[in-house]
Amino acid sequence: MFGPLETGAGYWTPLVWVGSMVVVVLVTLVIRGLGERTAKNTHMKGDPFMSGNPEVSKENSHVRAGNIYWGFLKAMEPYYKPLMKWHNGNVNDYVLMFIMVIAVLLLAIVLPGVF
Amino acid sequence: MSSVELLFRIVIGTLIAAVGGIVIGLAAKGVDRKLHARMQGRVGPPLRQPFYDVLKLFAKDNTVPDNAVGWMFNAAPVICLAGAITLLLYIPFGSILPVLGGHGDLILLLYLLIIPGLAMVVGGFSSGSPYATVGAQREMVTMIGYELPLATAVIAIAAKMNELFPAEPAFALSTIAAHPLWGEMGLLGIIGFAILAMIMVIVTPAELSKIPFDTPEAETELAGGLMVEYSGRNLGLFYLADGVKTVVMGAIIVALFIPHNLSPVFTGIAQGSIGAYMVDFGFFLVKLAAVVFFAVTVLRTAVARLKIAQVVTLYWIPLTMIALLGLILMMWDSVPMLHIAPWLGGA
């Protein structure tokens, strides 16, 4: 029941991990409970900390889903820019790209067998 | 091993790992802050300061912002610390074998390393603060950034272990710790292995959100980012998790690159005795301190914070290329034609 799942090069036992995680969470909750008893767990009414600036509307102050990976997209701009240009909505172009990729893959698989 | 025996092992191991990891982690933070200050020409706080910080945080009120998703906001620090402590159960410390060594390998460690970071992201997004959501977004992007060179380094080591010791599981930390690769390879392999060690040292500060990769927190621009709305014991738990993660990252680097023990040098100490374990554990702490010094203290003293796009570029392009070079050198080491020793007049 507690035997590891073997992959040949590695292994892990999911049930043991889940069991250990439960025990560790309980220990962590005990650590959390070690704090000062008089300290309160309060629910603050008011705006979030904005360095003294007035809070703009919630819709405009949070990271939008489209910007979640902003740093990554910005860093990879030289890669994404031409890719976005190619994705122009024309199905003929997508089919052409598909044929080109298949051709490259075939060459990569067939050529080593020939030589 | 029976189920009851395993459960007993997990409970005792967890208690020891939690106390040990927290104490060593806070001590490491104290040493780091002291050395960082001395390198900047300051006196710095006392070594006990991180312990005082935790005591102070645990005595303060725990405030939950009005905008926050309460249960998620409170659960994130618990999961973060728990995830970090769980990692300790899979890592060897000197000659002390991991509590769950037979139940998880290096691939599992790579996945478990994501849990504390992900808990911080969840905490940031659930804070309801624009600063925290920007910090959480940056933490995710940083995680995407350093995973590639980290995985390249781990795979290179496992591939070499598989080539040299095909009968043993290549991704097992016990296999890697039992056969230090430095003595098993030629010059090319050693250069490649040293490159991978350097990569791991540069991945460590990103994993720990330390300068130059502390963009998710960035006190001067995001006022603490992910942590901006956290206070009291919740912030204390994140602080403890940071200490434990420092031990985890240091211990992984020690296990992969410098797993050597000191007890075999002393002929008067019987192998497997308490004395041998203590000597090896003491030596492990010295190696851990050295790794933390170079990976955290020196880097954060010498380099300024990078922008988030620079972090990704650095990890995905130059560092991944360098890691791949390390991998290629280690693979070339097994090609007889490329052996350098005979060309130099050696064997």
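Before the exercises, one convention: helix axes are lines fitted to C-alpha atoms over the stretch in contact, and angles run from 0 to 180 degrees between N-to-C directions. Helices (H or I, at least four residues) and strands (E, at least two) are DSSP runs, numbered from the N terminus.

This is a predicted model, where local features need pLDDT of at least 70, side-chain atom pairs count only at pLDDT 80 or more, and totals for chains, interfaces and linings use all residues. Residues are numbered from 1 along each chain as its sequence is written, with chains lettered from A and ligands numbered from 1 in the order in which they are written.

**Exercise 1. Work out how α8(B) and α12(B) are arranged.**

Step 1: Get the geometry. Helix α8 (residues 187-207) and helix α12 (residues 308-332) of chain B have axes that come within 7 Å and cross at roughly 150 degrees.

Step 2: Classify the angle. Under 35 degrees counts as roughly parallel, over 145 as roughly antiparallel, 65 to 115 as roughly perpendicular, and the rest as oblique. So α8(B) is roughly antiparallel to α12(B).

Step 3: A crossing is left-handed if the near helix is turned anticlockwise from the far one by less than a right angle, and right-handed if clockwise. For α8(B) passing α12(B), the crossing is left-handed.

Step 4: Look at who touches whom, with contact meaning C-beta atoms, placed from the backbone, within 7 Å. Contributors from α8(B) include B:Leu188, B:Phe193 and B:Ile199, while α12(B) brings, among others, B:Leu319, B:Met330 and B:Trp332.

Step 5: Sort by class. Ala, Val, Leu, Ile, Met, Phe, Trp, Tyr, Cys and Pro count as nonpolar, Asp, Glu, Lys and Arg as charged, and the others, Gly among them, as polar. The α8(B)–α12(B) contact comes out at 15 nonpolar, 3 polar and no charged residues.

**Exercise 2. Now place α1(B) against α11(B).**

Step 1: α1(B) and helix α11 (residues 274-302) of chain B pack at about 45 degrees with axes 10 Å apart, so α1(B) is oblique to α11(B).

Step 2: Here the crossing is right-handed.

Step 3: Among the residues that meet are B:Asp32 and B:His36 of α1(B), and B:Phe293 and B:Arg300 of α11(B). By class, that contact holds 8 nonpolar, 3 polar and 2 charged residues.

**Exercise 3. Judge how compact chain B is.**

Step 1: Count the elements: 12 helices and 1 strand.

Step 2: Compare with the globule rule, 2.2 Å times the number of residues to the power 0.38, taking the radius of gyration over C-alpha atoms. Chain B has a radius of gyration of 21 Å, close to the 20 Å the rule gives for 347 residues, so it is as compact as a globular protein of that length.

**Exercise 4. Describe the side of chain B that touches chain A.**

Step 1: The contact takes 60 residues from chain B and 43 from chain A.

Step 2: α6(B) gives the most to chain B's side, with 11 residues.

Step 3: That side of chain B has 36 nonpolar, 17 polar and 7 charged residues.

Terms used: Two residues are in contact if their C-beta atoms, placed from the backbone, lie within 7 Å.
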